[in-house]
Amino acid sequence: MSYILPEHKIYIAGHRGMVGSAIVRELNKLGFTNIVSRTHAELDLTNQAAVDAFFAAEKPDFVFLAAAKVGGIHANNVYRGDFIYQNLMIQNNVIHAAYQHGVNRLMFLGSSCIYPKDCPQPIKEEYLLTGPLEQTNQPYALAKIAGIEMCWSYNRQYGTQYLAVMPTNLYGPGDNYHPENSHVIPALIRKAHEAKQSGAKEMVVWGSGTPKREFLYCEDMAEACVYLLNLPDTEYKKQLNDQHPPLINIGTGEDMTIRELASTICDVVGFNGELVFDASKPDGTMRKLQDVSKLNQMGWRASMPFIDGLVNVYSEFSNHI
């Protein structure tokens with residue numbers, strides 16, 4: 001039985017991003033059309049008064065908090081002040097306004113970088129705050145950890161039903177292909193495409209190629225998010241208690257090396273040159289494989305084969321180029 005009903009109003013914060021737009025598509029696919037959204041020009045989520053006025057006027061029943069300042073290793077490391085300030089402001093304002101205006105359920109989307117740099121693999125939810133973070137994206141990670149704590153604290157003090165989910169590395173339609181500020185898959189797709197177009201004999205990849213990463217297609221991520229927020233009341237409330245944060249990993253449970261990733265992307269793009277790894281550039285965390293057994297036990301598993309997802313995103317990239 002569906003917990004979210006057609007008449008319920010659902011607010012998607014960050015509906016134009018890869019994550020938010022995927023959630024909008026998933027909700028539409030399931031027949032939920034009472035969706036409210038605002039562009040950044042229409043609503044600045046770092047402005048507390050504006051956010052409060054929006055919630056007072058719209059009174060949403062459910063909220064997906066997918067709005068965030070995001071980027072790859074370079075962007076996280078260079079724009080450290082921007083990343084912590086903007087993400088803290090966005091989540092503080094939205095979570096607090098949701099509480100003040102009676103939002104039924106809220107989902108806060110974080111990132112696997114919240115977990116310690118060297119924690120055991122695969123990463124269980126309970127490993128949160130058990131060790132030091134990766135330095136290159138620590139400001140972003142700390143902001144997201146604060147968001148998880150805020151959801152947990154509001155649940156305990158005010159009786160709210162706010163859930164935090166930690167998707168692994170995402171890729172898919174609507175990704176950012178900026179040459180410096182993008183994540184690893186879009187960055188490598190762009191590099192491989194440009195190398196192919198220019199007839200280059202080699203393609204340089206940042207780092208040693210040895211770190212391992214897990215990747216999740218954004219449509220799978222959106223399906224998992226809607227599945228969780230729409231759980232029956234008894235099942236949903238099992239995730240909300242005083243003993244542990246309301247935190248659930250979303251991923252595939254499988255990973256690969258950056259070398260394997262780059263090689264696969266070159267195959268999809270059709271670049272046949274040599275891969276050169278620049279070990280002077282940062283690798284980041286050596287492995288980030290999430291334990292998704294909790295989510296699997298709740299009845300959801302990722303379904304998009306990785307190669308099919310890559311073919312889809314390269315087709316989209318090629319068409320837009």
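**View A. Asp 267 in helix 9 of the predicted model.** Asp 267 belongs to helix 9, which spans residues 258-269.

**View B. The largest nonpolar core.** This core holds 40 residues, and those touching the most other members are Tyr 11, Leu 45, Phe 55, Ile 95, Leu 106 and Tyr 115. Two or more residues each come from strand 1 (10-13), helix 2 (48-58), strand 3 (62-65), helix 4 (80-100), strand 4 (105-109), helix 5 (138-158) and strand 5 (161-167). Helix 5 is the main contributor, giving seven residues. Another core, of 35 residues, lies apart from this one and includes Leu 109, Cys 218, Leu 229 and Trp 300.

**View C. Surroundings of Tyr 115.** Beyond its neighbours within four places in sequence, Tyr 115 is in contact with Ile 123, Lys 124, Glu 125, Tyr 127, Leu 128, Leu 133, Met 166, Leu 247, Asn 249 and Gln 290.

View D. Leu 129 is not a glycine, yet its phi is positive, near 65°. With a relative accessible area of 63%, Leu 129 is exposed.

**View E. Lys 59 in the loop between helix 2 and strand 3.** Lys 59 sits in this loop and, although not a glycine, has a positive phi of about 50°. Most residues other than glycine have a negative phi.

Methods: Residues numbered from 1 in each chain as written. Predicted model: local features only at pLDDT ≥ 70, side-chain atom pairs only at ≥ 80, totals over all residues. Heavy atoms only, no water. Core = buried A, V, L, I, M, F, W, Y, C linked by side-chain atoms within 4.5 Å. Buried < 20%, exposed > 50% of the residue type's maximum accessible area, 1.4 Å probe, protein only. Helix = DSSP H or I, 4+ residues; strand = E, 2+ residues; numbered from the N terminus. Contact = heavy atoms within 4.5 Å.
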